[in-house]
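Here are some notes for a colleague who is opening this entry for the first time. Please read them with the sequence and the model side by side.

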Amino acid sequence: MTNCSDAITRIRKEISDLHALLPANGLVAWTAGNISARVPGADLMVIKPSGVDYPALTPESMVLCDLDGNVVDGEYQPSSDAGSHAYVYRHRPDVGGVVHTHSTYATAWSARGEAIPCVLTAMADEFGGEIPVGPFALIGDEAIGKGIVETLAGHRSPAVLMRNHGVFTIGKDARAAVKAAVMTEDVARTVHLARASGEPIPIPANDIDALHHRYTHVYGQQPTADGADER
Ligand SMILES: [Zn+2]
């Protein structure tokens, strides 16, 4: 039990700190967007409180929930997306972090219901193909989570554009999911600009495979790609 409460304390701080990266990277307006992380070894997650301004977020204001989205400990209500985050953790044991934003360019693709095609080496690296579109789903229960899990099952991408809504990303931990959210907006903007003046050139599937394999298995200082910052 002591180990678990130490982990919860650590993750509250980690998730509180990571939230600062969303406005810093221009991914959110007002109180939109949220990050959660699984508590390792427990059926618990830590998630952003609903409707609290980003500068006011603290480790103590983060909400501890079970994996049905019910509050276990916290003075605030959890994000209205808590049920969907919980659904992802229940159905994807490999996922340790989930991020949601309405970042501008990526959400514009979602409003058209259009996947972002893999036309950049950075996309092949990070996403291993297109960034897919998930179904339209109402906010407040697990419907979004179901759409995330079902859509990503057929893709290497850690990001999905939920139709008419925004971006959800997953990662082995919350930092990896934040990185995927930043990269999603970056490539959404670049491919949008490319297409404004013509038709982007697709990358052949075998080259996408080679790039993705190199990035995820060879590149960087560590066995994982996290922290890689150039390509
Ligand atoms: Zn949203």
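1. Helices (H or I, at least four residues) and strands (E, at least two) are DSSP runs, numbered from the N terminus. The model is a predicted one, in which local features need pLDDT of at least 70 and side-chain atom pairs count only at pLDDT 80 or more, while totals for chains, interfaces and linings use all residues. Residues are numbered from 1 along each chain as its sequence is written, and side-chain values use heavy atoms, with hydrogens and water left out.

2. Thr151 belongs to helix H6, which spans residues 143-152. Leaving aside residues up to four places away in sequence, Thr151 touches Pro132, Val133, Gly134, Pro135 and Val160, where contact means heavy atoms within 4.5 Å.

3. The zinc ion is coordinated through the NE2 atoms of His100, His102 and His165, at 2.0 to 2.1 Å; donors are N, O and S atoms within 2.8 Å of the metal (3.2 Å for Na, K and Ca), and since water is not among the atoms, sites may look incomplete. The spacing of the donor residues in sequence is H-x1-H-x62-H. Distant parts of the chain are linked by the pair of His100, in strand E5 (residues 97-101), and His165, in the loop between strand E7 (159-162) and strand E8 (166-171), which are 65 residues apart. His100 and His165 are both buried.

Definitions and conventions. Buried < 20%, exposed > 50% of the residue type's maximum accessible area, 1.4 Å probe, protein only.
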